Amino acid sequence: MSDTPFGFGLPPEEPDDGDEGKKKDPQSGGGQGPANPFGFGTPGAGGFGGPGADNPFAAMFGSLNPTDLGAAFQQLGQMLSYEGGPVNWDMAKQIARQTVSQGTAEGSKDASVGPADRRAVEEAVRLADLWLDDATSLPSGAHSAVAWSRAEWVEATLPAWRELVDPVAERVGNAMGDVLPEEMQAMAGPLIGMMRSMGGAMFGTQIGQAVGVLAGEVVGSSDIGLPLGPAGRAALLPLNIETFGKDLGVSQEEVRLYLALREAAHQRLFAHVPWLRSHLFGAVDGYARGIKVDTGKLEDVVGQFDPQNPEQLQEALQQGMFQPEDTPEQKAALARLETALALVEGWVDAVVHAAAKPRLSSADALRETLRRRRASGGPAEQTFATLIGLELRPRRLRDASRLWASLTDARGVDGRDALWAHPDMLPTATDLDDPDGFVHREQIDFSELDKMLGEAAGKPDLKKKDEGEGRSEGESKGDDTE
């Protein structure tokens, strides 16, 4: 479990000897807290402790020369007047785009994708789909292949991030309005509205920053095992693929093709297992419903809230106000989500390895590189943990991959893929601990049950149809008699 759930960073460092031990920061006014009154900022514009932190607005708006001042206060007004959902997604998008435009920590800058890269991606996905035909019974799920820049990845995936994060943010927003007694809420309406606007802005800032950083490192639309992009569209990021394969000693063509296999395999799974997307996103929502808000801390913040000092909200968020409940229901929700994601990634790993091993000399090396990337807490896992407060345990991925490979040996490709026909047929977390037991266990055949249920549901309709035919026939006879 992440110690910094929901994207609010680590608590501020506390001194060992009270106020006397506070570190003096020449840019922060001598230890009286950050000079930035909003407690957050955009990357590269003085935020997060960067240059310009002594300017109270620089963290959000950059260097405030006279030409920027009007735009800065306009953006501040928009932030405070926000009346949308629990997350200010306009701000999230803006900050993600700003983060992308500034490049990665290694100095790699985003760029538009050229025709040559687009053709290379299209050809790689087309060839990958041909190879996957021998490794899975699920048909192609990509009706198109696209090459994205980092900015295009941000634009295309924000709707999915919204669906993932809103359930958590909704609980936070509701808690902000519920801590005051009902008779006081009417009088405190403007204050509560401002707090919610600030909360939405802070969520938007954190999410925009996280998504913008992730855009500099992902190689496709399915790096975290969830369908982040539009359905049926296999997407790769040529610039990030080049960076990924830079020091591997493998040709760029093989790296691109191996990653295209993974992207195309994800597309097949999500396209032809219609319940899977809602199952995964429902598991995220179920986990979010178990988020507990420390109303005691929130009441203190509301009681002392100063509209001119809104960084109090950020500090409260940083001090662990929002934590998952340690209940059996919450643990079950977490286990269900982690297992489902592990099964998706394990299946893709097994299928891609089966397709690539006979054809790519670097298949083993690329597979291990990606596994190590996961095991060391790759960017996708870190961002996922930051945004919704959970980490996908890499051990489950290897277990799931071994289980799918064993199922292929025991039941063949068709028998293995048939398990995706119904969620109750999939392995559980316990089965991942004992793959041999699951592989050789007799599976329930849900096809007969579905057939019986369908027939039972259809009987009344058939009866009505027969009665209708009878009436029609009788009416017809009556007409003949007349």
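A charge counts as sitting over a ring if NZ of Lys or CZ of Arg is within 6 Å of the ring centre and within 35 degrees of the ring normal. By that rule, the charged end of Arg277 sits over the ring of Phe281, and Arg411 lies over the face of Phe438.

| Charge | Ring | Distance to ring centre |
|---|---|---|
| Arg277 | Phe281 | 4.2 Å |
| Arg411 | Phe438 | 5.9 Å |

A quick word on where this comes from: the model is predicted, local features need pLDDT of at least 70, side-chain atom pairs count only at pLDDT 80 or more, and totals for chains, interfaces and linings use all residues. Residues are numbered from 1 along each chain as its sequence is written, and side-chain values use heavy atoms, with hydrogens and water left out.

Now the overall picture. The protein has 19 helices and four strands, where helices (H or I, at least four residues) and strands (E, at least two) are DSSP runs numbered from the N terminus. Of its 482 residues, 48% count as buried, meaning under 20% relative accessible area with a 1.4 Å probe and protein chains only.

On to the inside. The largest nonpolar core has 91 residues, and among those touching the most other members are Leu276, Trp347, Trp404 and Trp420. Such a core is a set of buried Ala, Val, Leu, Ile, Met, Phe, Trp, Tyr and Cys residues joined through side-chain atoms within 4.5 Å. Leaving aside neighbours within four places in sequence, Leu276 is in contact (heavy atoms within 4.5 Å) with Leu269, Phe270, Val344 and Trp420.

How are Trp404 and Trp420 arranged as an aromatic pair? They are stacked, at 5.3 Å centre to centre with 15 degrees between the planes. Rings of Phe, Tyr and Trp (its six-membered ring) pair if their centres lie within 6.5 Å, and planes under 30 degrees apart count as stacked, over 60 as edge-to-face and the rest as tilted. Trp404 lies in helix 16 (residues 394–417) and Trp420 in the loop between helix 16 and helix 17 (429–433), so the pair ties together parts 16 residues apart in sequence. Trp404 is buried at 0% relative accessibility, and Trp420 is buried too, at 3%.

Lastly, Asp129 sits in helix 4 (residues 115–132). Asp129 counts as buried because its relative accessibility is 12%. Beyond its neighbours within four places in sequence, Asp129 is in contact with Ser140, Ala142, Ala264 and Arg268.

Technical notes:
Buried < 20%, exposed > 50% of the residue type's maximum accessible area, 1.4 Å probe, protein only.
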